[in-house]
Amino acid sequence: MAREEQSIGIAGGGRIGKAIYHLLIDGNICNNVTVMDIAPRPDDIAEGDYVQSDGTFDRFVIGKTLIINALPYTKNVELWRECRKNNVAYFDLSEDDGLDSILGDYPNGDIPFTMPHCGLAPGMSTIIANSL
């Protein structure tokens, strides 16, 4: 897929989500990146690149090629279910195992690309976020 065709969604506009946004945009990795959060738009995210959410994910996930989850672990399963429903790839920064039991319920070919457990345990997320 050409870079122009990619549409990356970042769920979570806190320090980690903003850092990912800037790596993608400022690094010219992807030009179509949208951040979603329940909080008002941070000043350092372009107005057209931000969606203030009502706490649901259904409309945000549609049309994306990849969702990067930078939300608290308590939202992992809900966000992944929307990604699955819309056949959108899912990348999870947490070390939460809540998604594991659900993934085991589906045959391998019945889920979109899903990468859970990517290394930021809750304590480490806080340490990194506070240093940004």
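Here is a short tour of this structure, stop by stop.

Before you click anything, know that this is a predicted model, where local features need pLDDT of at least 70, side-chain atom pairs count only at pLDDT 80 or more, and totals for chains, interfaces and linings use all residues. Residues are numbered from 1 along each chain as its sequence is written, and side-chain values use heavy atoms, with hydrogens and water left out.

**The whole chain.** Switch to cartoon: the protein has 5 helices and 6 strands. Helices (H or I, at least four residues) and strands (E, at least two) are DSSP runs, numbered from the N terminus. Follow the chain from the N terminus and the elements go β-α-β-β-α-β-α-β-α-β-α. Of the 132 residues, 39% are buried, where buried means under 20% relative accessible area, exposed over 50% and partly exposed in between (1.4 Å probe, protein chains only). Taking contacts between residues at least 6 apart in sequence, 51% join residues at least 24 apart; a contact is heavy atoms within 4.5 Å.

Two strands pair if DSSP finds at least two bridges between them. Glycine 9 sits opposite isoleucine 67 in E4. To get from E4 to E5 the chain passes through helix H3 (residues 76-85), a right-handed β-α-β crossover. Right-handed means that, with the strands pointing away from the viewer, the path from the first strand over the helix to the second runs clockwise.

**Helix H3.** Show the side chains of Asn76, Val77, Leu79, Trp80, Glu82 and Cys83, the buried residues of H3. Just past the helix, asparagine 87 has a positive phi of about 55°.

**Cysteines.** Searching the whole structure turns up 0 disulfides, a disulfide being a pair of cysteine sulfur atoms within 2.5 Å.

**A lysine over a ring.** Last stop: select phenylalanine 60 and lysine 64. Lysine 64 lies over the face of the phenylalanine 60 ring, 4.6 Å from the ring centre. A charge sits over a ring if NZ of Lys or CZ of Arg is within 6 Å of the ring centre and within 35 degrees of the ring normal.
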